[in-house]
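User: Hey, I'm new to this one. Can you walk me through it?
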Amino acid sequence: MEVTFTGDSVIDGGDGGGVSKSLAVIACTAMAILYVAILYAPTLILRLPPPDSFQSHLIRRFICAAISSVTSLIACSLILPIQWGKSHLSGVYGIRLDHIWQAVVFPLTLTSLMYAGTFILKLLLLLDSGQEDGGNGRSLSLDSIKNVVHEFIESVSSMASDISAWRNFFVAPLTEELVFRACMIPLLLCGGFNTYTVVFLCPISFSLAHLNHLLEYAQRSGSWLKALTIVGFQVGYTVIFGSYASFLFIRTGHLTAPLVAHIFCNYFGIPVIISRRTGMVTVASVAGLLGFIWFLFPLTSPNLYTATTDNCMCWHRYCSWS
């Protein structure tokens with residue numbers, strides 16, 4: 001499937017590419033609503049009976065998310081100023097195989113700096129476990145390493161049959177990045193929005209899409225206040241992560257970059273910043289944050305992820321963002 005751009009090549013961050021701002025915003029809003037609303041379509045619209053198990057419930061949601069993603073991709077291709085011709089349509093969405101190792105290694109390295117405190121805490125817990133083993137007459141280092149390797153292998157092997165793991169580490173990251181990054185960002189960029197406006201605007205719809213968990217949390221906890229607190233924190237966190245993921249996508253032009261960062265963050269959860277256990281965690285967190293800021297632009301330099309920045313289209317904003 002190949003396309004070519006029918007508008008002007010991108011010159012600076014303020015130029016549009018044949019898509020009006022209002023149309024771009026309306027399309028993005030519709031995609032966000034569809035992504036959430038379709039999850040409830042089987043029971044509310046199709047009148048299907050409720051799933052008889054948690055696995056059936058998630059499989060049904062996987063199908064809905066896939067339909068939503070494909071619909072958004074098709075709609076985006078119809079709205080953007082492109083036609084069949086000289087370049088692959090997948091490149092519009094950042095779906096590329098070139099520079100793949102850079103799109104995996106550099107974003108993971110950058111993201112891991114924010115988890116320096118988490119890694120230090122896990123290391124201290126590992127050392128404590130080793131010391132307890134040593135007190136029982138076993139080798140501190142050897143047994144600790146064996147336990148870590150064994151637990152890691154078990155966790156990885158169990159993921160293949162864990163439906164929740166498929167949701168957290170594959171379906172949710174993939175479909176969310178396709179809709180909220182690969183589709184929405186090209187529309188907003190070609191709509192003429194400023195780069196940083198897109199970086200901070202796009203995550204709003206991404207975070208609001210998580211409001212559908214409010215009723216679920218309220219039913220679980222029995223308290224709307226507690227549910228609002230949880231969802232409010234989740235929305236705030238997704239705005240921050242969404243901005244970072246949008247930054248990665250625009251800077252690299254590679255969907256793999258925000259995708260691997262998304263999976264990484266889903267796996268490790270909220271970074272540990274402060275621990276009552278020791279001040280080393282806080283020191284590591286601050287050092288990691290400073291390292292993150294220092295390497296943010298160097299490790300996302302467009303030259304690392306693409307062979308050329310000539311003849312760029314309106315969705316290739318990295319060409320004018322050195």
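This is a predicted model: local features need pLDDT of at least 70, side-chain atom pairs count only at pLDDT 80 or more; totals for chains, interfaces and linings use all residues.

User: Okay. How many disulfides are there?
Analyst: The count comes to two disulfides. One joins Cys 190 to Cys 314, with an S to S distance of 1.9 Å. In the other, the sulfur atoms of Cys 312 and Cys 319 are 1.6 Å apart.

User: Remind me, what is a disulfide?
Analyst: A disulfide is a covalent bond that links the sulfur atoms of two cysteines.

User: What pattern do the disulfides of the chain follow?
Analyst: Counting bonded cysteines along the chain, the pattern is 1-3, 2-4.

User: Let's take Cys 190 and Cys 314. Is that disulfide right-handed or left-handed?
Analyst: The torsion about its S-S bond is about 80 degrees, so the Cys 190 and Cys 314 disulfide is right-handed. Cys 190 lies in helix α8 (residues 163–190) and Cys 314 in the segment after α13 (279–295), so the pair ties together parts 124 residues apart in sequence.

User: And is Cys 190 buried or exposed?
Analyst: Buried, with a relative accessible area of 0%. Cys 314 is buried too, at 1%.

User: What about the Cys 312 and Cys 319 disulfide, right-handed or left-handed?
Analyst: With a torsion of about -65 degrees around the S-S bond, the Cys 312 and Cys 319 disulfide is left-handed. Cys 312 counts as buried at 6% relative accessibility, while Cys 319 counts as partly exposed at 23%.

User: Which residue follows α11?
Analyst: Gly 253, and its phi is positive, near 65 degrees.

User: Now α5 and α12. At what angle do their axes cross?
Analyst: The axes of α5 (residues 100–113) and α12 (residues 256–268) cross at roughly 40 degrees and come within 8 Å. The crossing of α5 past α12 is right-handed.

User: Which residues meet there?
Analyst: On the α5 side they include Ile 100, Val 104 and Leu 108, and on the α12 side they include Val 260, Phe 264 and Cys 265.

User: Oh, another cysteine. Is Cys 265 buried or exposed?
Analyst: Cys 265 is buried, with a relative accessible area of 10%. Cys 64 is buried as well, at 6%.

Methods:
Residues are numbered from 1 along each chain as its sequence is written. Side-chain values use heavy atoms; hydrogens and water are left out. Helices (H or I, at least four residues) and strands (E, at least two) are DSSP runs, numbered from the N terminus. A disulfide is a pair of cysteine sulfur atoms within 2.5 Å. Buried means under 20% relative accessible area, exposed over 50%, partly exposed in between (1.4 Å probe, protein chains only). Axes are lines fitted to C-alpha atoms, for helices over the stretch in contact, and angles run from 0 to 180 degrees between N-to-C directions. A crossing is left-handed if the near helix is turned anticlockwise from the far one by less than a right angle, and right-handed if clockwise. Contact means heavy atoms within 4.5 Å.
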